[in-house]
Structure formats: structure tokens, C-alpha cells
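Subject: Structure handover and notes

Dear colleague,

Here is the structure I said I would pass on.

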Amino acid sequence: MQYKRILLKLSGEALMGEQQYGIDAKRLAEYAEDIKSVIGKGVEVAIVIGGGNIFRGLSGASQGMDRVQGDHMGMLATVINGLALQSALELQGVETRLQSAIKINEVAEPFIRRRAIRHLEKGRVVIFGGGTGNPYFTTDSAAVLRAIEIKADVILKGTRVDGIYTSDPEKDKTATKFDKISFNDVLSKGLKVMDTTAFTLSQENELPIVVFDMNTRGNLMRIVSGENIGTVVNI
């Protein structure tokens, strides 16, 4: 395996499948099967999942809601998604732990870095919910922060497109895909990979990012096996 410990970043919208909102049980089961396959190869997996399929604080703020309140609602949405993914993984026989950046002791462990690393070493999947625990920070920022804290080898950002393109491939048919690109080139070309805070934090800590299509079955295994899937962002 090319990577020993990975941080998988999933968007909340990815869990909707073909639905307009909420959680698609079929899509959730597919993700769980793919994650189980890499666990079986000895790869240690941590996951950060967004909450946009349930609530997004920024959109609430745009409709007049207090931004901090909205972001707190978004954090709770990520915990709901974390619980759903935990359940799907455990149905596959995968041991998991859900750790939350906000205290919800009845449903999730508090985030404790050393405990999270110990779970990973024991072969458990660790799902990080609650974002960073602070408003105004995205789950992209949470993913990079947790990846650095647990000393992950790479961030695998699962999306619905198969990498980074010169422009949006869903709107521009002439868009071309990058196999590899540097952090500086992403910034100079104005390409959208993560929000600026998260991206800069990843660059400063020399933590590579792989953007790939999570909805194609087997792609996760191909990446950790060293195949050239998606786009690699590196120094």
C-alpha cells in the first residue's frame, strides 16, 4: 500500500446520492464497503464528513440567521452524518469510533488526539464529527487539522468529479484534467480545491491532497494501492 494512514474527506452532499437532501442508504453502504476493503489491507482510516446534506451554516446566515448559530447547527449535522456512516461501517463488521469536537458524550467520544491515534493503530476507523468545534471554519479546515494532528500520510478528498480541472468539467466540456499539480499552481490558477484556510494549512505542513471520484466503486482502493487516480496536489 502506498499510504499507511489516510484522512478521507467526504462532503455531506455525497451522502444524498440521487436524492435532493438527507442520506441515501445505498450510497452509504457503498462507501462503507469501499472503506472496509482498504481496512482489510492494513490501511488506517480516519474520516471527516461534511453536513451540507442536512444544514449549511453559511446558507442559513445568507437568509438572516446568526452565523454562529448556523455554524453550530452545521456542526450537529456532521455528527448526524458521522453516526450514519458509523452504523453503515459496523453493519460491514468494521470497528469504528465517532469523536466529536463538541461535547455530545451520550453519542460520541470527545476528540482526544492520543486516543484517536490509538484507535487507528488498533485498526478502527475513526470518524471526526463536529468540524473543528468552532464557527467560521469549514469541514475542509477540520479535515486538514485532524490529518496533521494524527500524522496522516495524505488527505483523500472524495468528490463527484475525478480530479482537478482547468475549469468546472460539468459546465465546460473543454476543461482538461491535471494528474499532478503543485500548491502554488493551484493558487496562481485560481483553482478551487478547498477553502483558502484549509488549503494554506495543508501547504504549510506539506500534506499532500488527492482529489478523486469517490462515487466510482474501487477508486479508494486504487489510490491507496498507488494507482494514478484523480489529481495529486503536492509541494
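Asp140 and Lys157 form a salt bridge, with 3.2 Å between the closest N and O atoms; the term stands for a side-chain nitrogen of Lys or Arg within 4 Å of a carboxyl oxygen of Asp or Glu. Asp140 belongs to helix H5 (residues 139-149) and Lys157 to strand S6 (residues 154-159), so the pair ties together parts that are 17 residues apart in sequence. Helices (H or I, at least four residues) and strands (E, at least two) are DSSP runs, numbered from the N terminus. Asp140 and Lys157 are both buried. Buried means under 20% relative accessible area, exposed means over 50%, and partly exposed lies in between (1.4 Å probe, protein chains only).

The model is predicted: local features need pLDDT of at least 70, side-chain atom pairs count only at pLDDT 80 or more, and totals for chains, interfaces and linings use all residues. Residues are numbered from 1 along each chain as its sequence is written, and side-chain values use heavy atoms, with hydrogens and water left out.

Other salt bridges

The structure has 15 salt bridges. Side chains of opposite charge can pair when their charged atoms come close.

One of these bridges joins Glu170 to Arg160, with closest N and O atoms 3.4 Å apart. Glu170 sits in the loop between strand S7 (164-165) and strand S8 (177-178), and Arg160 in the loop between S6 and S7, so the pair ties together parts that are 10 residues apart in sequence. Glu170 is partly exposed, at 44% relative accessibility, whereas Arg160 is exposed, at 64%.

Arg118 and Glu121 also form a salt bridge, again with 3.4 Å between the closest N and O atoms. Both are in helix H4 (residues 113-121), where being three residues apart separates them by about one helical turn. Arg118 is partly exposed at 45% relative accessibility, and Glu121 is partly exposed with a relative accessible area of 45%.

Lys4, Arg5 and Glu44 are linked in a network of salt bridges.

How many of the 11 residues of H5 are buried? Eight are, and the helix is mostly covered. The buried residues are Thr139, Asp140, Ser141, Ala142, Ala143, Val144, Arg146 and Ala147. Their cover includes S1, strand S2 (44-49), helix H3 (67-91), strand S5 (125-129), S6 and helix H7 (196-204).

At the start of H5, a side-chain oxygen of Thr138 comes to within 3.2 Å of the backbone nitrogen of Asp140. After the helix comes Lys151, with a positive phi near 60°.

Strand S1

Lys9 is located in strand S1 (residues 5-10) and is buried, at 3% relative accessibility. The side chains of Lys9 and Thr139 are joined by a polar contact of 3.5 Å. A polar contact is a pair of N or O atoms within 3.5 Å; within protein, one must be able to donate a hydrogen and the other to accept it, and residues adjacent in sequence count only if both atoms are side-chain atoms. Setting aside residues up to four places away in sequence, Lys9 touches residues including Asp140, Ala143 and Lys157, where contact means heavy atoms within 4.5 Å.

Six of the six residues of S1 are buried, so the strand is largely enclosed by the rest of the structure. In a regular strand the side chains alternate between the two faces of the sheet. In S1, Arg5, Leu7 and Lys9 lie on one side and Ile6, Leu8 and Leu10 on the other, and both faces are covered. S1 and S2 run parallel and are joined by six bridges; strands pair if DSSP finds at least two bridges between them. Ile6 has Val45 as its bridge partner in S2.

Annotated site

An unreviewed UniProt entry places the feature "binding site" at Gly51, Asp71, Thr132, Gly133, Asn134, Pro135, Tyr136, Phe137, Thr138 and Thr139. Of this set, Gly51, Asp71, Asn134, Phe137, Thr138 and Thr139 are in the lining of the largest pocket. UniProt positions follow the numbering used here, feature names are shortened, and annotations may be inferred rather than shown by experiment. On a 1 Å grid over the protein atoms alone, a pocket is an open set of points where a 1.4 Å probe fits, with protein on both sides within 12 Å along at least five of seven lines; lining residues have an atom within 4 Å of a point.

Asp71 is in helix H3 and is buried, at 11% relative accessibility. Tyr136 is in the loop between S5 and H5 and is exposed, at 52%. Leaving aside neighbours within four places in sequence, Tyr136 is in contact with Arg67, Val68 and Asp71.

Regards
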